[in-house]
Amino acid sequence: MGNQLGSAGLLLVNTLVNIYLFLMMLRFLLQASRADYYNPISQSVVKITQPAVRPFQGLLSPIGPFDLATLASAFLIKAVSIVVILQIAGFGMPPIAGTAIASVAALANAILKIYFFALIAMIILSWVAPNASHPGALLIMQLVEPIMAPVRKVIPPLGMIDLSPIVVFIGISLIDSVLVGALTRAAGIPGALVGL
């Protein structure tokens, strides 16, 4: 009974860390896509993640639209959580290289999940409310536009049918299975800790 409670507790902690990591990567992507900073949802994401990012902001300056402080903070949080969870679970200290690779895989996994869900939301919005002015709808459009625009140049819409989301979904699936899968295997750390 105690073992099951311990496992459930570790699973809960890992899930909470992955949710926070998801929010940090959302912050990173919103800044990278130059989404509206004053959107209420953007502001909420920044306020939730600011305590973790603040210590790194003085050390790491953004490179163009890419916020290195957010990336470094997310990487460190995930690495520490992997070490702590494996220590508590009785697996001992994981190798530093494996922990670093698993943390990179977790960041990539979070980014791909954000784009996946944002694309689904964009498709639904394009059917239900194509001209929506809700802050959430605007933010989703701003978030996915940088990855959709290059694909639309190659595959323009066919009348009312836009095939570019299908191509992006295939790209996300390939990157997830090839890159994130390879990183997770190379790390030698259970996939559940990466967020898979």
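## Start with confidence

The chain averages a pLDDT of 85, and 94% of the residues score at least 70. Here pLDDT is the predictor's confidence in each residue, from 0 to 100. This is a predicted model: local features need pLDDT of at least 70, side-chain atom pairs count only at pLDDT 80 or more, and totals for chains, interfaces and linings use all residues. Residues are numbered from 1 along each chain as its sequence is written, and side-chain values use heavy atoms, with hydrogens and water left out.

Colour the chain by confidence. Helix 7 (residues 191-194) is lowest, at a mean of 67. Helix 2 is highest, at 92.

## The whole chain

Switch to cartoon view. The chain has 7 helices and 0 strands. Both are DSSP runs, numbered from the N terminus: helices are H or I with at least four residues, strands are E with at least two. Along the sequence, the pattern reads α-α-α-α-α-α-α.

The C-alpha atoms fill a box of roughly 60 × 35 × 35 Å, taken along the principal axes. Of the 196 residues, 38% are buried. Buried means under 20% relative accessible area, exposed means over 50%, and partly exposed lies in between (1.4 Å probe, protein chains only).

## Inside: the cores

Which residues have the most contacts inside the largest nonpolar core? Select Met25, Leu29, Leu119 and Leu143. This core has 34 residues. A nonpolar core is a set of buried Ala, Val, Leu, Ile, Met, Phe, Trp, Tyr and Cys residues joined through side-chain atoms within 4.5 Å.

Two or more residues come from each of these: helix 1 (2-32), helix 2 (40-57), helix 3 (68-88), helix 4 (96-128), helix 5 (135-154) and helix 6 (164-187). Helix 4 gives the most, with 12 residues.

Zoom in on Leu119. Leaving aside neighbours within four places in sequence, Leu119 is in contact with Val144, Met148, Val168, Phe169 and Ile172. Contact means heavy atoms within 4.5 Å.

Next, find the second, separate core. It has 5 residues, including Leu86, Ala102, Ala187 and Ile189.

## Leu21 in helix 1

Select Leu21, which is found in helix 1. Is Leu21 buried or exposed? Leu21 counts as buried because its relative accessibility is 3%. Leaving aside neighbours within four places in sequence, Leu21 is in contact with Ala74, Lys78, Ala106 and Leu107. Draw a C-alpha to C-alpha line from Leu21 to Lys78. They are 57 residues apart in sequence and 7.5 Å apart in space.

## Two stops in helix 2

Thr49 is in helix 2. At 0% relative accessibility, Thr49 is buried. Not counting residues up to four places away in sequence, Thr49 touches Tyr20, Leu23, Met24 and Arg27.

Gln50 is also found in helix 2. Gln50 counts as buried, at 15% relative accessibility. With residues up to four places away in sequence not counted, Gln50 touches Arg27 and Gln57.

## Salt bridges

General point: side chains of opposite charge can pair when their charged atoms come close. How many salt bridges does a search of the whole structure find? The search finds 2. A salt bridge is a side-chain nitrogen of Lys or Arg within 4 Å of a carboxyl oxygen of Asp or Glu.

Select Asp67 and Arg27. Their closest N and O atoms are 4.0 Å apart. Asp67 lies in the loop between helix 2 and helix 3 and Arg27 in helix 1, so the pair ties together parts that are 40 residues apart in sequence. Both Asp67 and Arg27 are buried.

Now move to Arg152 and Glu145. Their side chains meet in a salt bridge (3.1 Å, N to O). Arg152 is partly exposed at 24% relative accessibility. Glu145 is partly exposed at 35%.

## A loop residue

Select Arg34, in the loop between helix 1 and helix 2. Arg34 is exposed, with a relative accessible area of 63%. Check its backbone: Arg34 has a positive phi of about 55° although it is not a glycine. Most residues other than glycine have a negative phi.
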